[in-house]
Amino acid sequence: MASEHDADPLVEIENVSKLFDLSQGVVDRLLGKEPQPVRAVQNVDLTINRGDIMGIAGESGCGKTTLGKLLVKLYDPTEGTIRFDGRDVTKLSREDERVFRQRVQMIFQDPFESLNPRMTVFQSVVEPLKINDIGDGYRDRKEQVVEVLNDVGLSPAEAYLNEFPKELSGGERQRVAIARALVVNPDFVVCDEPVSMLDVSIRAGVLNLMKELQDEYGLTYLFISHDLSLIRYMCDRTAIMYLGDIIEQGSTSDVVTKSKHPYTEALFDAVPEIEPDAERHRANVTGEVPDPRNPPSGCRFHPRCAKIIPPEDWTGSQDAFRRAFQFKRRAAMDDLEVEEIDANEQRSAVDQLLASGLTLELPEEHRHEAESKGTVDVNALDMPRRAENALRSAARDLIEGNEEDAMEQLNREFQTVCEQRHPELRQSGDQIAACHLFESSASNPEAVAPDASD
Ligand SMILES: Nc1ncnc2c1ncn2[C@@H]1O[C@H](COP(=O)(O)OP(=O)(O)OP(=O)(O)O)[C@@H](O)[C@H]1O
């Protein structure tokens, strides 16, 4: 692992975005809606140093695979620059591109899909040598194939040469895929969920092998995984992605133990410490990952964040603000249970709507003590009088069908910087994070890459 002092960048990603233009669906066309591109990767900055294992983590759909494919040039960026060993990969000559395709390899999640079922192990592994014109004839190439198969633990290699993928176990197939990537002696390997399709019992063996091969072949890795235990075990540095953004990065130990971003904290809180089978804590986040075609304003994580920032003049608790803000969001999405109001109940309609609308849909371990069965005791919340009055008045409007008045009131009363402004990436020592909470505490407030789109 390269230390801070001998940091030697191999891959430099600067302000890179990748948008996928989706053709309109029939319904959208009929409604005359503009097609919205998917912002799979958004203004990403990342440097990977020679000899490091960089991890990319985040929930499904956050753009990890797209970023990996950009780095091996399976996609071109819509914006921004990717430099490999100092050279812009979109401006390579034909010969430089050939060399790039040899030096940079990718290992995919599913070895069944990445290996041609009609090719033997020998044919699969020798193919990259032929394509790259490496080796001096059949005998020399066969020697190289045998050597790499032995290196990846398929030994004696001769026993595997004539096998087809379907005759191999999942672990053996992934080892063939690794051999196919390594036979051309690359410098940089992108590993996209390389063990997630494998039986749990053999994952550690494959990961340890990959670590050994890193030394032996002098590799730099990018490890993409949603599995944070794997990230913690394998990676020197880690970047966390959310809806196409890198929201935090730094040394893995800092990112795990001194998370600056509430999303990172929630992700790692949900990982069991030692026992992989121990009961998992679930994260203190509300809702699902939003549609990347229509990402939230400000900080993209704010609609789910446990630490959403109240306005400066807020006199109640942060928890109360979080609830009032969620009430506002639910009102905007027409998601409050106005229809469920029971006219026969003793409590007024407004009380009923507040009691259900101020609950947070959270895993049990994060629930407020005054919360049960989808309702909360509003009196037990530290809600300022003025805010409660605004909520009551908005609830009345909603019950009477005056959505516009309700939203005007809620929008005026429950404002947060998290919704209004995209946080800039700030650096503190070696750690970088994009969170308004971190903005005020960062010792080096030099903006790294403000998002120009918001
Ligand atoms: N070729 C494509 N065309 C259109 N949209 C795409 C394409 N590839 C990815 N996307 C979209 O881009 C976003 C990011 O996808 P990506 O596969 O990079 O995420 P991921 O974090 O790797 O997820 P997973 O772990 O599920 O593979 C998703 O919304 C996805 O639907």
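Predicted model: local features only at pLDDT ≥ 70, side-chain atom pairs only at ≥ 80, totals over all residues.
I begin with helix H2: eight of its eight residues are buried, so H2 is largely enclosed by the rest of the structure. A residue is called buried if 20 or more other C-beta atoms lie within 10 Å of its own, exposed if 12 or fewer, and partly exposed in between, with C-beta atoms placed from the backbone. Helices (H or I, at least four residues) and strands (E, at least two) are DSSP runs, numbered from the N terminus.

Residues are numbered from 1 along each chain as its sequence is written.

The buried residues of H2 are Lys 64, Thr 65, Thr 66, Leu 67, Gly 68, Lys 69, Leu 70 and Leu 71. After H2 comes Lys 73, with a positive phi near 65°.

What does H2 pack on? H2 packs on a sheet, where it touches E1, E2 and E4. Two residues are in contact here if their C-beta atoms, placed from the backbone, lie within 7 Å. The direction of H2 makes about 60° with that of E2; axes are lines fitted to C-alpha atoms, for helices over the stretch in contact, and angles run from 0 to 180 degrees between N-to-C directions.

That sheet is open and has four strands in the order E2-E1-E4-E5, with antiparallel pairing. Two strands pair if DSSP finds at least two bridges between them. E2 and strand E5 (87-88) are the edge strands, each pairing on one side only. Strand E1 (residues 9-20) and strand E4 (residues 79-84) run antiparallel and are joined by five bridges. Within this part of the model, Glu 12 stands opposite Arg 83 in E4.

H2 also brings us to the ligand. How many residues surround the ligand? There are 14, the closest being Phe 20, Ala 40, Ser 60, Thr 65 and Thr 66; a residue counts as near a molecule or strand if its C-beta atom, placed from the backbone, lies within 6 Å of it. H2 (64-71) and strand E2 (38-49) each supply at least two residues of this shell. The largest share, three residues, comes from H2. By class, the shell has six nonpolar, seven polar and one charged residues. In this scheme Ala, Val, Leu, Ile, Met, Phe, Trp, Tyr, Cys and Pro count as nonpolar, Asp, Glu, Lys and Arg as charged, and the others, Gly among them, as polar.

I turn now to the other sheet. It is open, with eight strands in the order E6-E7-E8-E3-E9-E10-E14-E13 and mixed pairing. Strand E6 (104-107) and strand E13 (426-428) stand at its edges with a single partner strand each, so one side of each is left without a neighbour in the sheet. On average, neighbouring strands of this sheet are turned by 20° against each other, direction ignored. Helix H11 (residues 262-269) packs on the sheet and touches strand E3 (53-57), strand E9 (237-242) and E10, its direction making about 105° with that of E9.

Is strand E8 (residues 220-225) mostly covered or uncovered? It is mostly covered, as six of its six residues are buried. Thr 220, Leu 222 and Ile 224 lie on one side, and Tyr 221, Phe 223 and Ser 225 on the other. In a regular strand the side chains alternate between the two faces of the sheet. E8 runs parallel to E3, to which five bridges join it, and strand E7 (residues 188-192) also pairs with E8 in the parallel sense over five bridges. Ile 224 in E8 has Ile 56 opposite, and Asp 192 also stands opposite Ile 224.

At the other pairing I wish to mention, strand E10 (residues 245-251) and strand E14 (residues 431-433) run antiparallel, joined by two bridges. Glu 248 has Ala 433 as its bridge partner in E14.

Tyr 242 is buried, with 24 other C-beta atoms within 10 Å. Leaving aside neighbours within four places in sequence, its contacts are Gly 58, Cys 62, Ile 247, Tyr 263, Arg 300 and Phe 301.

Finally, the chain as a whole. It contains 17 helices and 14 strands, and buried residues make up 39% of its 454 residues. The domain assignment, which is automatic or from a database, gives domain 1 (9-269) and domain 2 (310-415). Their centres, taken over C-alpha atoms, are separated by 45 Å.
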